[in-house]
Amino acid sequence: MKAKDFKAASHLRFIIPSLIGVFLFMFPVAQGDSITIPVALLADALKGAIGEQIPLIMTIIISITAIGTLLVKFAGPDKLDETPFFKSLFDVPAVWVVTRVLGMIFALMVYFQVGPEPIISDVTGGLLLGSGGLLSTLFAVFLFAGLFLPLLLNFGLLELFGVVLTKIMRPLFRLPGRSSIDSLASWLGDGTIGVLLTSKQYEEGYYTKREAAVIGTTFSIVSITFSIVVIQEVGLGDMFIPFYLTVALAGFVAALIMPRIPPLSRKEDTYVNDEPDDRSEEVPEQHNVFTYGYTKAVERGSKSKGIGHFFKEGGQNILDMWMGVAPIVMALGTIALVIAEFTPFFAWIGTPFIPLLELMQVPYAQEASETILVGFADMFLPALIGAGIESEMTRFIIASLSVTQLIYMSEVGGLLLGSKVPVNMKDLFIIFLLRTLITLPIITLIAHLLF
């Protein structure tokens with residue numbers, strides 16, 4: 001079937017939602033003297049309107065998440081078999097049950113200001129849950145990003161670019177063209193989406209072990225949504241466009257190198273059933289690359305299920321982001337900030353990076369070194385710890401590096417370990433270090449040009 005065989009309405013069901021999605025998430029707009037994107041503008045407006053109430057709202061969300069998770073564990077996850085979305089939301093591994101409960105305890109302590117000072121202090125738990133804190137930003141950004149993400153993911157845009165990029169993915173990244181859809185889903189949506197897509201397609205025999213490992217650890221990239229939060233957290237929201245371009249360039253270079261070096265290059269090129277790769281990626285004779293991609297996009301758009309399903313999926317995205325991320329940020333973030341503020345631990349483990357940062361003439365090299373390895377625990381922690389550094393250039397480097405490091409155990413790393421993708425903890429830590437060493441010089445060079 002060709003694009004011309006579809007009715008005009010099918011074309012419009014692809015074109016209109018996709019253009020709106022591109023506008024909301026990628027179109028630069030002026031905000032005073034700075035440049036941002038429409039989703040961030042909406043989030044800022046919401047924070048301005050109800051900012052004082054958001055800490056209470058987030059405390060309630062975190063508490064509901066923890067209590068719901070405990071109830072499901074005690075009652076048995078089979079009780080939610082009829083509602084798979086809520087089952088996936090509340091039926092989580094034991095380590096995340098503990099994390100969610102800990103997040104609830106910390107949130108209640110901070111909100112009601114009861115408990116040890118290191119936890120409820122304005123530089124630890126209060127920094128996260130306060131009216132201008134990270135969780136307030138997460139609440140606002142996730143609300144609008146989660147609602148409008150289906151515009152990018154479900155109406156054919158990924159299919160179009162997936163086919164068009166077929167001839168690029170194989171020579172550049174040693175990956176099949178179909179992997180570009182996973183990559184774009186991660187970029188536009190969330191790294192977790194990429195991990196889940198990759199794991200499912202690997203289990204179904206669409207990726208080899210090497211391809212699944214490469215895609216899961218290299219292309220399950222940090223989304224635009226999270227990137228907005230990170231750059232706002234370090235006080236450089238007006239630099240989102242150069243920041244994201246820097247992240248894209250550094251990530252691109254890492255994506256060129258990582259599949260060609262161990263541990264990823266040593267993964268077997270066999271499928272889950274150990275059969276070799278023998279699949280064809282040829283575009284049908286009656287098409288060129290663009291017409292075939294456009295046809296697939298219109299076909300996907302024509303299958304969209306209407307406005308009701310759009311809002312249902314958007315609502316599920318919002319709940320998944322709020323409940324999946326906020327308790328982890330509250331728990332791990334508070335612990336990390338307590339360690340950072342009241343112990344020399346991060347100073348110790350970051351010491352080997354001080355000479356490297358000084359060699360690259362990064363201001364406040366010692367303070368910056370404390371943020372480099374903490375990103376393996378959670379992507380937000382470097383931004384939280386480095387937000388108080390006076391140098392804008394250093395904060396820019398910290399924010400950019402935290403996004404390009406990619407492997408953080410609170411989400412993408414934990415998901416990879418729990419999935420069928422053939423990587424282990426040792427692989428993930430080595431990949432994290434390699435990505436750090438590859439992207440840090442690139443980011444630093446760009447920062448010197450910008451500041």
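I am working with a predicted model, in which local features need pLDDT of at least 70, side-chain atom pairs count only at pLDDT 80 or more, and totals for chains, interfaces and linings use all residues. Residues are numbered from 1 along each chain as its sequence is written, and side-chain values use heavy atoms, with hydrogens and water left out.

Entry 1, α9 with α16. I looked up helix α9 (residues 157-164) and helix α16 (residues 289-302), whose axes come within 7 Å and cross at roughly 160°; helices here are DSSP runs of H or I with at least four residues, numbered from the N terminus. The two are therefore roughly antiparallel (an angle over 145 degrees). For contact, meaning heavy atoms within 4.5 Å, I noted E159, L160, V163 and V164 of α9, and V289, F290, Y292, G293, Y294, K296, A297 and R300 of α16.

I found L157, L158, E159, L160, G162 and V163 buried (under 20% relative accessible area, 1.4 Å probe, protein chains only). With six of its eight residues buried, α9 is largely enclosed by the rest of the structure.

On the α1 side I listed S10, H11, R13, F14 and I15, which meet Y294, A297, V298, G301 and S302 in α16.

Technical notes: Axes fitted to C-alpha atoms, helices over the stretch in contact; angles between N-to-C directions. Parallel < 35°, antiparallel > 145°, perpendicular 65-115°, else oblique. Buried < 20%, exposed > 50% of the residue type's maximum accessible area, 1.4 Å probe, protein only.
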